[in-house]
Amino acid sequence: MGVLRKWATEWLDLPPDVTSDAPRIEMIGAHRLQIENHRGIQQFKDTELKLGVHGGALSIIGEQLKIRAIDSESIYIEGKIDQLKYLT
Amino acid sequence: MLDIQLPPVLLGRVVVECRGMKLASFLNLITKANIRVYDIYWVDEHRLKMTVLLSQFYELVKLMKQNQVRMRILHKSGLPFYMEKAKKRKWFYVGAILFLFSLYGLTSFIWNVDIEGNKKIPASQIQNILKQEGVFVGQWKRRLPDTVLLQENLLRKMDDTSWVGVRTEGTRMIITIVEKKVPEPNDDQAKIREPVHLIAKKNALIYEMKVDRGNPKVKVNDMVKKGQILVSGIYGDGEQNNTNQIAGAKASILGEVWYESEIEIPLVQKKKVYSGYREKGRFPYVFRFQLKNPFFSPPYKQYEQIQQIDRMRVGNWELPFGIIEEQYLEMQWVRSQLSEEEGIKLGLEQAKLELLADLGKGSQIVAEKILHHRQENGKVYVKVHFDVVENITEKQPIFQGE
């Protein structure tokens, strides 16, 4: 499956986020963050949010963090975001 | 991203507080169960605040029970909850709607018919005519006749009116009537057969006579005494009483009458002169007490004051308080010193005016003569003789069988 997907991406010249399992992260300013393709919340506090992603975890560090909306694929975070860390 | 078909306001939202041990993993369970939660706040280590749609609330509760998460409802909002409340307050809304309906209903009737401008025509008569035309208290506004038509009809039905105006102000109907000016029945016509003699009012010298009716007993240049018959109302010579016809008398007889007036004129005259400046002040009053500003003083040294009282009214009922408007006119007393001659002249004028005012209209001063004058204590005393031509007739009824 993985091989096929990688082949399709290369040959059909598709952007990698459409096909791969890698998270697509979109940040608007320092206050809004939208992540697609997450693998669930690991830890949630108002200063840190740890999100499971393909191949590890993503840690969002900030203040007054709030989950604006969530479903099984995407999450929309608001708050004062200071750092974005990949933990592998 | 997350698309919600209907705005959450319509679907109903519930804000809940969850309490439990592993809340992060519980959140994953929620997303896996396809329950849409949003606005998730971290309260403390074991508490989260979140909002869920009402339609998915019971699914969420079920999931909580399975995972030993306890919850508390913080807030409910949206249309479904509002409807729930509205059901409880059914009669309130029924009342509000009823109120609007009754307000509309009550304003679609005529509650007052006011008639203005009638002096001779009694209001009850006008009301009767209006009733025939379909204008009365309690009439439905839609069934009122057309204004223009109504005006025409009213004008036609009431002979003594020269104009009728009809207007509606809300629930009030105002009928304005302008009455025809009927000429006063002629005085002479009515009294033409009045059985009277004309007698002399005063001692006088007959100056002019115009006899319309009756038997003149005097001639021009006759001296007459007070009470003397000037024109008899009985034709004939008065000897043969039975054949004499009572016709009444009507004549204009002018007699020359002499008057003597004595006047005193102070030589120092005081006159008011207004400067033309004026100020206004408004003060409220309660009962008999005027609430005056203690620091207020009239702005002029010498002034004349004009008061106008503005009473508060409720309908015909006078309230015991209102506003007094005061006007201050600045003025000055001006003294002037008159010479004796000027004093006499002034006195003469004054005497003439007084005399004419006493005698009434139709009188005329034909001659005047100063008999005597003297000055004393700053005053001039003048004695004047006036020759006045005036109407000297007076009516005296003729009694039958005299």
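Two residues are in contact if their C-beta atoms, placed from the backbone, lie within 7 Å. This is a predicted model, in which local features need pLDDT of at least 70 and side-chain atom pairs count only at pLDDT 80 or more, while totals for chains, interfaces and linings use all residues. Residues are numbered from 1 along each chain as its sequence is written, and chains are lettered from A and ligands numbered from 1 in the order in which they are written. Helices (H or I, at least four residues) and strands (E, at least two) are DSSP runs, numbered from the N terminus.

**Chain A overall**

- Chain A holds two helices and six strands, and along the sequence they follow the pattern α-α-β-β-β-β-β-β.
- Of its 88 residues, 22% count as buried; a residue is buried if 20 or more other C-beta atoms lie within 10 Å of its own, exposed if 12 or fewer, and partly exposed in between.
- Among contacts in chain A between residues at least 6 apart in sequence, those joining residues at least 24 apart make up 32%.

**Contact between chains A and B**

- Chain A puts 17 residues into the contact and chain B puts in 15 residues.
- On the side of chain A that touches chain B, β3, β5 and β6 (74-87) each supply at least two residues.
- β5(A) gives the most to that side, with five residues.
- By class, the side of chain A that touches chain B has six nonpolar, six polar and five charged residues. Ala, Val, Leu, Ile, Met, Phe, Trp, Tyr, Cys and Pro count as nonpolar, Asp, Glu, Lys and Arg as charged, and the others, Gly among them, as polar.
- β5(A) and β2(B) run antiparallel and are joined by four bridges; two strands pair if DSSP finds at least two bridges between them.

**K66(A)**

- K66(A) lies in strand β5 of chain A, and its bridge partner in β2(B) is Y41(B).
- K66(A) is partly exposed, because 18 other C-beta atoms lie within 10 Å.
- Leaving aside residues up to four places away in sequence, K66(A) touches E78(A), G79(A), D39(B), I40(B) and Y41(B).
- Y76(A) is 10 residues from K66(A) in sequence, and the two are 8.7 Å apart in space, C-alpha to C-alpha.

**Helix α2 of chain B**

- In α2(B), residues 23-32, the buried residues include L23(B), F26(B), L27(B) and I30(B).
- Seen down the axis of α2(B), its buried residues fall within an arc of 105°, so they line one face of the helix; the arc is that of the directions from the helix axis to the C-beta atoms.
- From chain A, the cover over these buried residues includes β3 (41-44) and β5 (56-70).
- From chain B, the cover includes β1 (13-19), β2 (37-44), β3 (47-53) and α3 (57-66).
- N34(B) follows α2(B) and has a positive phi, near 60°.

**A sheet in chain B**

- Three strands of chain B form an open sheet in the order β5-β7-β6, with mixed pairing.
- β5 (112-116) and β6 (161-169) of chain B stand at the edges with a single partner strand each, so one side of each has no neighbour in the sheet.
- From one strand to the next, the twist averages 15°.
- β5(B) and β7(B) (residues 172-179) run parallel and are joined by five bridges, and E116(B) stands opposite T176(B) in β7(B).
- Helix α6 of chain B (residues 123-133) packs on the sheet, touching β5 and β7 of chain B, and its direction makes about 130° with that of β5(B). Axes are lines fitted to C-alpha atoms, for helices over the stretch in contact, and angles run from 0 to 180 degrees between N-to-C directions.
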